[in-house]
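Hi everyone, thanks for making time this morning. I'd like to walk you through one structure, so please have a look at the screen.

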Amino acid sequence: MTQKFLNPKLREGSYTAESAAKKPNMLFITVDMISPDCYFDTRPLSKVINTPNLNAIAEEGTRFNRSYTTSPLCGPARAAMFTGMHPPYLTNGERAPSGSQVDLTVDDVIFQDYLKSEGYVMKHSGKCHVGVDKFIRTFGENLHAWDRWGPPVADDDRYLEFIDEMGVQLPRYRRELKGLRADKETPANSFGGWIEQEDGSDFPKEAHYSTFLSDLTVKQIKAARRQEPNRPFFAQIDYFDPHQPYSIPSGFEARYEEIKEAVKLPASYLDLQEWDEMPNNPIYRLYRKYWGMYDEETVIDYIAGHLLQVEVIDYGIGRIIDYLKTENIWDECAVVFSADHGDMNGRLGMADKGVYFQPDIFAVPLYIKPPKSCLPVASDINTVCSTLDIAPTLLKFAGIDKPWHMEGSDLIKVAKGKERDPLEPVFQTGMHVGMNLGAGIRLELAGKEWFYGYNVSTGYQELYDVDADVQSNQFYEPVGESLRQQLVDKMAEVLSSDVRWRGYWASYRLHNMEYLSEDVNSDMQMLKPTH
């Protein structure tokens, strides 16, 4: 191993790497907000959705079946994924109050910096949402990285050229889904829907923005091979889809009918329709009003639209895979597929994600296809993993040891049967539709995996059986009462062990002091100005 520096002149950014290591080409794919309905084998809709290209990535590598993001919001989730550390901020820029950090700084180190230092030709297309300044420094001036939550479409010069060459006009909605205001009558938030061209003609999937990003990635890889034929490339594509508002093109009409027939309203949604009440937590009631999913047909269409949008992505990914195979790049190319966070997909009468602790918005898919020379690996792994593991894994493919500050683990060694590095991820919420700081952990008790979250603002606590499809809070039920002491002890251990979680620990002790020892509760101010 050789010690190197990201900045050799100033001797900054020390890391170690194998100088003679063969460095494979890499493709890193993320989607924005995908429901476990699309990929959990235990979910009925996972048997309905048609994603042959995503399946191909998983089948030639490893599916990590218990993977989580550290935050259910786009910006913080991506910041954690790229730095390999828990996120430095907890809100997206669009809704952040004054004084909030919303982007990575140019001095923050992301895993892509190490790849660039090791000679990779860096390419990116799609969404970044962590600040363009940082991405320009790493990927270079010839950059395609939009710092926004929705696809730019009409703002993207290259996309306009793309559809102009096809003779296709900009999209508009042919049929649009909308939530309702609290009066349950007035249309409010748009969930998007089915699109057509401006003249009313069909909008082809070949002209969809996600297809454009796929084709742009192919062009970038071609350019990388032309610019530096003797160096490996790192191509990153971050799709905006399947984040709503949806934009489903023509050609999926038959699939819509098939999927819609299979969609069943979530049990938690039906309970709400009957009782019209939310859990005893103001943040849930706030989101219920925000999304306005009071109409059952709209919920069914939202769920069907989510699956269809994923199928659109899969079509685009197939175009990239076809190119890599045609050019004999695929076999020895390392490919990672994941997402920034999950989607409620109609559960509890909600869409999208939010600042609460439903496990469906923290769960993410994680598929890793190593170069053929790294095989064999296990096809399925049930070890708990994190998006914090993505950075160390991609670096290890390039012969780079995990930098000291990164918190994840190289998952290829896990796929080969070795233990992962110790990790105690803390799941955090912040500012989205509402402000609700909170911390969560996952733990195994009574033979089950539990997701346990603490909402700072209200003291409301949430406990979910991760493997249960019906996401019902068990904290205040008999099972939660029976596990209460163990839950509190574990959360106290985690929150008190790291200065980063001190803000949560301060109020957690007060909300749960009857379960904590006097020692822990003795100094409530956490400060002794004199000895």
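This is a predicted model: local features need pLDDT of at least 70, side-chain atom pairs count only at pLDDT 80 or more; totals for chains, interfaces and linings use all residues.

Let's start with strand β3, residues 26-31. How many of the six residues of β3 are buried? Six of the six are, so the strand is largely enclosed by the rest of the structure. Buried here means under 20% relative accessible area. Now look at the side chains. In a regular strand they alternate between the two faces of the sheet. In β3, Met26, Phe28 and Thr30 point one way, while Leu27, Ile29 and Val31 point the other way, and all are buried.

So who are the neighbours? β3 pairs in the parallel sense with strand β8, residues 233-238, over five bridges, and there methionine 26 stands opposite phenylalanine 234. β3 also pairs with strand β10, residues 334-339, again parallel, over six bridges. In that pairing, valine 31 stands opposite alanine 339.

Zooming out, we have an open sheet of seven strands in the order β5-β8-β3-β10-β11-β4-β12, and the pairing is mixed. Its edge strands are β5 (121-126) and β12 (380-386), each pairing on one side only. From one strand to the next, the twist averages 15 degrees.

And the helix? Helix α6, residues 209-227, packs on the sheet and touches β3, β5 and β8. The direction of α6 makes about 165 degrees with that of β5.

For an antiparallel example, take β4 (residues 62-68) and β11 (residues 366-369), which pair over two bridges. Arginine 63 stands opposite tyrosine 367 in β11. Thanks, everyone!

Notes
Residues are numbered from 1 along each chain as its sequence is written. Side-chain values use heavy atoms; hydrogens and water are left out. Buried means under 20% relative accessible area, exposed over 50%, partly exposed in between (1.4 Å probe, protein chains only). Helices (H or I, at least four residues) and strands (E, at least two) are DSSP runs, numbered from the N terminus. Two strands pair if DSSP finds at least two bridges between them. Axes are lines fitted to C-alpha atoms, for helices over the stretch in contact, and angles run from 0 to 180 degrees between N-to-C directions. Contact means heavy atoms within 4.5 Å.
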